Amino acid sequence: MENEVLLERFEQLAHEQNFRELKDFLDDQLITDIAELIYEVPEQATLIVNQLTLGRAAAAFRILEFPTQEDIIRDLPAHKIAELLNELPPDDRTAFLEELPSQAVTELIKLLNPEERKITLALLGYPENSVGRIMTPDYIAAKSHWTVAKVLNHIRMYGRDSETIDVIYIIDNQGKLLDDFRIREFLLVSPDTLVENLMDHRFVSLHVNDEQEEAVQIFRLENRVALPVLDDAGVMLGIVTIDDMLWILNEEHTEDIQKIGGTEALDEPYLDMPLLRLVKKRVGWLIILFIGEMLTASVMAYFEDEIAKAVVLAMFIPLIISSGGNSGSQASTLIIQAMALGELTIKDWWRVMRREIISGVLLGSALGIIGFIRILIWNSFFHTYGDHTVLIGLTLGVSLIGVVLWGTLSGSMLPLILKKAGADPASSSAPFVATLVDVTGLLIYFSVAYIFLKGILL
């Protein structure tokens, strides 16, 4: 309801071209409401940004999705673009620029003032997906020989330009990090206390070339709102804050979910992705999976004589295929998620295998018992399976144990094998595991059938 009222009031003022009242109206709204308004009326995004004060315009711009940001920049005049880009925090500006074509980046960097241009070029110079790309040089640093009172005065003078004042970093004359303090540690001691008397030289830091995914794990383990970023010599280059980690975590989660679903990761929102590019992202995996499923037909052709002799075996093929695929998809998804959360590593492969062997046997036994009982009950009413009902039931039950066991092992081991090979574990997607288990599941099924029914139906 609030969004509808906001939209209605905005459209009224915009239609009346009452820009003075429109400016006051927009300045009274929350930044998140401004962002929602831009999404509601994207054709008016430029007008909204122009009516906001520079600080609020930058705050709204930084939380918008990239396609919307790109549209706004395309429509703004050059002087307004320069003001907006210079006002953005360095890490948010870098995140926006790295999504653009290189020619556009070159033109936009020319609009930055010398200091911001230097910072941006430095951040863009770090490897893609490294911590250096998302750090900001805006932080509060102090010296060990200062008193707490001097530190607090320093915060009052320069804190407004810092990304956060929750953490204060102590550096030496060469810029090397010596320690860090939460601000409450300064607020709770006497103002004339020397900083060096509070230091214990224990701090957690990131290296500028660390992978962003590694940084997410460190944030989770250390429960920090910000972490310092150092170079090889221990010199402090900037900080990474929790909002950057949340953004990366969301991006990584989205990418993994898309890969698990059997498609390449989308680099744009679904509705903004051109149709042909969307098809291109999906067709590759579909072709691979289709070719893989052709092996299923080959397996059935190999056992054609057995199927002809015992047509009843064909009735349970969908059941076998689905059970193996489902168990494999379950295991694959669980392991990929556990790896993403840092709950297990490649070194844990034996523990994973041991657990999945036990799980596979128990799960397969549960399905096998149900399948066996179902065959007995069904045959008692409809006499579908003839005089060899028990043997057919045992064939199905034992096959289900083998197929589900193989599915859980395949689904759990593939992500670890891919990780060991340097590939993305999410690539062992549920459809891929299901296709693999479909083929091998039929081999298991017909092999068990041959053992139980040889000389009887086969």
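**Entry 1: strand E2.** I began with strand E2 and found both of its faces covered: Val167, Tyr169 and Ile171 on one side and Ile168 and Ile170 on the other are all buried (buried is under 20% relative accessible area, exposed over 50% and partly exposed in between, with a 1.4 Å probe and protein chains only). E2 spans residues 167–171, and five of its five residues are buried. Side chains in a regular strand alternate between the two faces of the sheet. I then looked up the partner: strand E1 (residues 141–142) pairs with E2 in the parallel sense over two bridges. Alanine 142 has isoleucine 170 as its bridge partner in E2.

**Entry 2: basis.** I note that this is a predicted model, in which local features need pLDDT of at least 70 and side-chain atom pairs count only at pLDDT 80 or more, while totals for chains, interfaces and linings use all residues. Residues are numbered from 1 along each chain as its sequence is written, and side-chain values use heavy atoms, with hydrogens and water left out. Helices (H or I, at least four residues) and strands (E, at least two) are DSSP runs numbered from the N terminus; two strands pair if DSSP finds at least two bridges between them.

**Entry 3: the whole protein.** I recorded 20 helices and six strands. The radius of gyration is 31 Å, whereas a compact globule of 458 residues would have one near 23 Å (taken over C-alpha atoms; the globule rule is 2.2 Å times the number of residues to the power 0.38). The C-alpha trace spans about 90 × 65 × 40 Å along the principal axes. Of the 458 residues, 45% count as buried.

**Entry 4: the open sheet.** I traced an open sheet of three strands in the order E4-E5-E6, with mixed pairing. Strands E4 (206–207) and E6 (236–241) are the edges, each pairing on one side only. Strand E5 (residues 226–230) and E6 run antiparallel and are joined by five bridges. For alanine 226, I found threonine 241 as the bridge partner in E6.

**Entry 5: phenylalanine 219.** Is phenylalanine 219 buried or exposed? I found phenylalanine 219 to be buried, because its relative accessible area is 4%. Phenylalanine 219 lies in helix H13 (residues 212–222). Leaving aside residues up to four places away in sequence, phenylalanine 219 touches Leu206, Arg224, Val225, Ala226, Leu227, Val240, Thr241, Ile242 and Met245 (contact means heavy atoms within 4.5 Å). Phenylalanine 219 and methionine 245 are 26 residues apart along the chain, with 7.8 Å between their C-alpha atoms.
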